[in-house]
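Subject: Structure for you to look at

Hello,

Here is the structure I said I would pass on.

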Amino acid sequence: MGAKRLSAQPKLTEFQDRIRAAGLRSTAPRVAVLRELESASSPMSHADLVDALGDEGYDRVTIYRNLTDLTEVGLVMRADLGDHVWRFELKRSGEEHGSSHPHFTCTDCGTVACLPEESVRIASSKGVPRAVTQRAVEVQLRGLCDRCV
């Protein structure tokens with residue numbers, strides 16, 4: 001267990017530095033939200049984060065306020081993937097403002113998966129808005145996942 005704590009310590013300082021660099025105070029709830037989003041393999045809803053962080057003593061309102069703050073300063077991205085539930089992802093270093101990758105939502109079980117950017121190709125053609133060709137859009141695919149087929 002000692003090795004686990006040692007490897008987690010630099011992460012803690014990294015999260016604290018990112019929060020401060022964005023102009024926010026580094027607080028335990030903000031660090032906890034970033035840590036949870038960092039380890040997530042797909043976007044998380046507010047309810048998912050409440051389930052994940054509730055045992056650490058963070059209530060729904062605290063988590064929601066921190067998600068809002070982190071989103072407003074650009075550390076977290078928020079998206080509605082078609083089911084009227086906001087989902088949150090950590091903005092990875094090197095991503096441009098507003099840049100995002102495609103998502104796949106299962107129409108049966110509701111599972112959300114992040115797709116590699118190259119999995120969806122957008123080509124320009126006559127009549128397509130500039131936002132599409134400049135990739136300033138959110139790409140969301142819906143269908144049945146492999147488990148629900």
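What follows is a summary of what was found, starting with the overall layout and then going through the parts.

Please keep in mind that this is a predicted model.

Overall layout

The chain has five helices and six strands. Their order along the sequence is α-α-β-α-α-β-β-β-β-α-β. Of its 149 residues, 31% count as buried. Among contacts with a separation of 6 or more, 49% are between residues 24 or more positions apart.

Helix H2 and its helix neighbours

Helix H2 covers residues 28–39 and packs against helix H4, residues 60–72, at an angle of about 75°, the two axes being 9 Å apart. H2 is therefore roughly perpendicular to H4. On the H2 side the residues involved are Pro29, Arg30, Val33, Leu34 and Leu37, and they meet Thr62, Ile63, Asn66, Leu67, Asp69 and Leu70 of H4. Sorted by class, this contact of H2 with H4 holds seven nonpolar, two polar and two charged residues.

H2 also packs against H3, here at an angle of about 105° and with the axes 11 Å apart. H2 contributes Ala32, Val33, Arg35, Glu36 and Leu37 to the contact, while H3 contributes Leu49, Ala52 and Leu53. Six of the residues in the contact of H2 with H3 are nonpolar and two are charged, with no polar ones.

The three-stranded sheet

Strands E1, E3 and E2 form an open sheet in the order E1-E3-E2, with antiparallel pairing. E1 (44–45) and E2 (76–80) are the edge strands, each pairing on one side only. Two bridges hold the antiparallel pair E1 and E3, and in this pair Met44 stands opposite Phe88 of E3. H2 packs on this sheet and touches E1, E2 and E3, its direction making about 85° with that of E3.

E2 and E3 are joined by five bridges and run antiparallel. Met77 has Glu89 of E3 opposite it. The two strands form a hairpin with five residues between them, and Gly82 in the turn has a positive phi of about 100°.

The core

Which residues touch the most other members of the largest nonpolar core? They are Leu34, Leu37, Ile63 and Leu70, out of 21 residues in that core. H1 (2–21), H2, H3 (46–53), H4 and E3 (86–90) each supply at least two residues. H2 gives the largest share, five residues.

With neighbours within four places in sequence left aside, Leu37 is in contact with Met44, Leu49, Leu67, Val76, Phe88, Glu89, Leu90 and Arg92. Leu37 also takes part in the contact of H2 with H4 and in the contact of H2 with H3.

Strand E4, residues 103–106, is covered on both faces. In a regular strand, side chains alternate between the two faces of the sheet. In E4, His103 and Thr105 lie on one side and Phe104 and Cys106 on the other, and all of them are buried.

E4 has an antiparallel partner in E5 (residues 112–114), to which three bridges join it. Phe104 stands opposite Ala113 of E5. E4 and E5 make a hairpin with five residues between them, and Gly110 in its turn has a positive phi of about 85°.

E4 also runs parallel to E6 (residues 140–143), joined by four bridges. The bridge partner of Cys106 in E6 is Gly143.

Not counting residues up to four places away in sequence, Asp108 touches Leu144 and Cys148. The C-alpha atoms of Asp108 and Arg142 are separated by 9.7 Å, although these residues are 34 apart along the chain.

Regards

Methods:
Residues numbered from 1 in each chain as written. Predicted model: local features only at pLDDT ≥ 70, side-chain atom pairs only at ≥ 80, totals over all residues. Heavy atoms only, no water. Axes fitted to C-alpha atoms, helices over the stretch in contact; angles between N-to-C directions. Parallel < 35°, antiparallel > 145°, perpendicular 65-115°, else oblique. Contact = heavy atoms within 4.5 Å. Nonpolar A, V, L, I, M, F, W, Y, C, P; charged D, E, K, R; others polar. Core = buried A, V, L, I, M, F, W, Y, C linked by side-chain atoms within 4.5 Å. Buried < 20%, exposed > 50% of the residue type's maximum accessible area, 1.4 Å probe, protein only. Pairing = 2+ DSSP bridges.
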